Amino acid sequence: MSTPILHHYPLSPYSEKARLAMGLKGLSWGSVEIPIWTPRPKLTPMTGGYRRTPILQIGAEFYCDTLLILPVLEKLGDTGSLYPSPHASLARAFGWWFEKGSFMNSVCLTLGNLEGKLPQELIDERRPFFGVSIEPAELRPRRGTYLQRFNAHIAWLADLLGDGRSFILGASVSAADLSAYHPIWFARQNAGPEITDLLSFSNVVGPWYDRVSAFGHGKPVQMTPDQAIEAARSAKPRDLDDWSPEAQQVGLQRGDWVSVTPDDYGNPVAGRLLAWSADEVILRHEDPSVGAVNLHFPRVGFDVVPAHRLAA
C-alpha cells in the first residue's frame, strides 16, 4: 500500500486530530502543508475543490473528513486502537457529541481574542465558508456566550473522567479522546493565556489532556505538493462496487453526476457517483493534472444530491 499522505496545516484543529491518530497508530506518513486559506492550486485539482482540512491521500484515493480518515488509519497501524472492541460505536458517538457541541464555540472564542492578528484574507474567505463572520471585533462581545457553551461540554468531559478512568472509554485511548481533545487544543494553542485561564480545567481534564497529547504525531516525512500530485497520477483509483439500495430510494444511480456537501459548513464537490455504502459515498473525479482519483466522503454529516455537469 502507498504511504499515507496528509494534506494539512499546523493550526488546523481537525488536522491535529489526524496527526494524533498517526501517533497513536505508530505510522510513518507524508506531510504536505497546504495554505491556510484558498487558493490551493496544487490541492484543488486532486480534490475537486474540497476545502475542509485535513485530507488523507493514499495513492489515488482521497479521504475527506476525519470521520473517514481515522477508520482508514486504524487499518494501517499495528499499535493501539482508535475503535477498541467492543466500544467502536461508543467511540464514534462520543466523538460526534464533543465535536458538534464544542468545535465552533472553540473557534469563535479563540478568534474573538485575536483582533488585529488575523489576515483579512482569512476573514473574508471564511465568512461564506462558515456562514458566519469570524471578524474578531464581532466575536469578542459574545465571548461570554461561547465560553459558557464550551465550558459546559468540558464539564461533561470532567464528569465522565471523574471515576478515575484514564480515557473516555476507560483504560485505553480511542477516537473519542482525539475528538474531544482537538477543540480544547485549538483554544489553548491560539487564544492566549487570557482565554486559556477561563477554561474550566478540572483536576481530571488536565491530566487527561496531557495523556492524549503524549501520543505525538508518529513519524512525518515532509513532502512537496508536486510529490503528492505525482503519487496520485502514478496510481490507479480502485474500481469500487459497494452499492446500497438506499441510493435508489433517494433517486440516485451509480454513475450519476452528483454533489456532496457538508451539512453544517463547507462547499459542495461534484463528481460521478461510484459507490454508496452504510459508511461512505465515493465519487470519481478527473483532472488533466492528476488523471482519475476517488474522493471518499462519510455518510454522516454530508448530503448527496443530483448536480448538473458543466460543459467542458
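Predicted model: local features only at pLDDT ≥ 70, side-chain atom pairs only at ≥ 80, totals over all residues.
## Two helices in contact

Contact means heavy atoms within 4.5 Å. Helix H8 covers residues 175-190, and helix H10 covers residues 205-213. From H8, the residues Asp177, Leu178, Ala180, Tyr181, Ile184, Trp185 and Arg188 take part. They meet Trp208, Tyr209, Val212 and Ser213 of H10. Sorted by type, the residues of this contact are eight nonpolar, one polar and two charged.

Two packed helices are described by the angle between their axes and the distance between the axes. For H8 and H10 the angle is about 100 degrees. Their axes lie 10 Å apart. Angles of 65 to 115 degrees count as roughly perpendicular, so H8 and H10 are roughly perpendicular to each other.

## The whole chain

Now step back. The protein chain holds twelve helices and ten strands. Its C-alpha trace spans about 55 × 45 × 40 Å along the principal axes. A compact globule of 312 residues would have a radius of gyration near 20 Å. The protein chain has 20 Å, which agrees.

How much of the chain is buried? Of the 312 residues, 53% count as buried. Take the contacts with a separation of 6 or more: residues 24 or more positions apart account for 71% of them.

## The sheet

Ten strands form an open sheet with mixed pairing. The order is S5-S2-S1-S3-S4-S9-S8-S7-S6-S10. Which strands stand at the edges? They are strand S5 (219-222) and strand S10 (302-306). Each has a single partner strand, so one side of each is left without a neighbour in the sheet. Neighbouring strands are turned by 35 degrees against each other on average, direction ignored.

Helix H1 (residues 13-24) touches strand S1 (5-8), strand S2 (28-33) and strand S3 (55-58). The direction of H1 makes about 155 degrees with that of S1. Helix H3 (residues 66-76) touches S3, S4, strand S8 (280-287) and S9. The direction of H3 makes about 40 degrees with that of S3.

Strands of a sheet pair through backbone hydrogen bonds, either parallel or antiparallel. Strand S4 (residues 61-64) and strand S9 (residues 291-298) pair in the parallel sense over three bridges. In one of them, Phe62 has Leu295 of S9 as its bridge partner. Leu295 is also the bridge partner of Leu283.

S8 and S9 run antiparallel, joined by eight bridges. A hairpin through three residues links S8 to S9. On the other flank, strand S7 (residues 269-276) pairs with S8 in the antiparallel sense over four bridges. There, Ala275 has Ile282 of S8 as its bridge partner. S7 and S8 also form a hairpin, with three residues between them. Is S8 enclosed or open? Six of the eight residues of S8 are buried, so S8 is largely enclosed by the rest of the structure.

## Backbone exceptions

Most residues other than glycine have a negative phi, and most peptide bonds are trans. Some places in this chain depart from that pattern. The peptide bond from Thr38 to Pro39 is cis, with omega near 10 degrees. Pro39 sits in the loop between S2 and helix H2 (44-47). The bond from Thr53 to Pro54 is cis too, with omega near 10 degrees. Pro54 belongs to the loop between H2 and S3.

Asp65 has a positive phi of about 90 degrees, although it is not a glycine. Its place is in the loop between S4 and H3. Is Asp65 buried or exposed? Its relative accessibility is 13%. Buried means under 20%, so Asp65 counts as buried.

## A glycine in a loop

Gly77 is found in the loop between H3 and helix H4 (88-111). Gly77 is buried, with a relative accessible area of 12%. Which residues does Gly77 contact, leaving aside its neighbours within four places in sequence? They are Lys25 and Leu27. Gly77 and Leu27 are 50 residues apart along the chain. Their C-alpha atoms are separated by 5.9 Å.

Note on methods: Residues numbered from 1 in each chain as written. Heavy atoms only, no water. Axes fitted to C-alpha atoms, helices over the stretch in contact; angles between N-to-C directions. Parallel < 35°, antiparallel > 145°, perpendicular 65-115°, else oblique. Nonpolar A, V, L, I, M, F, W, Y, C, P; charged D, E, K, R; others polar. Pairing = 2+ DSSP bridges. Rg over C-alpha atoms; globule rule 2.2 N^0.38 Å. Buried < 20%, exposed > 50% of the residue type's maximum accessible area, 1.4 Å probe, protein only.
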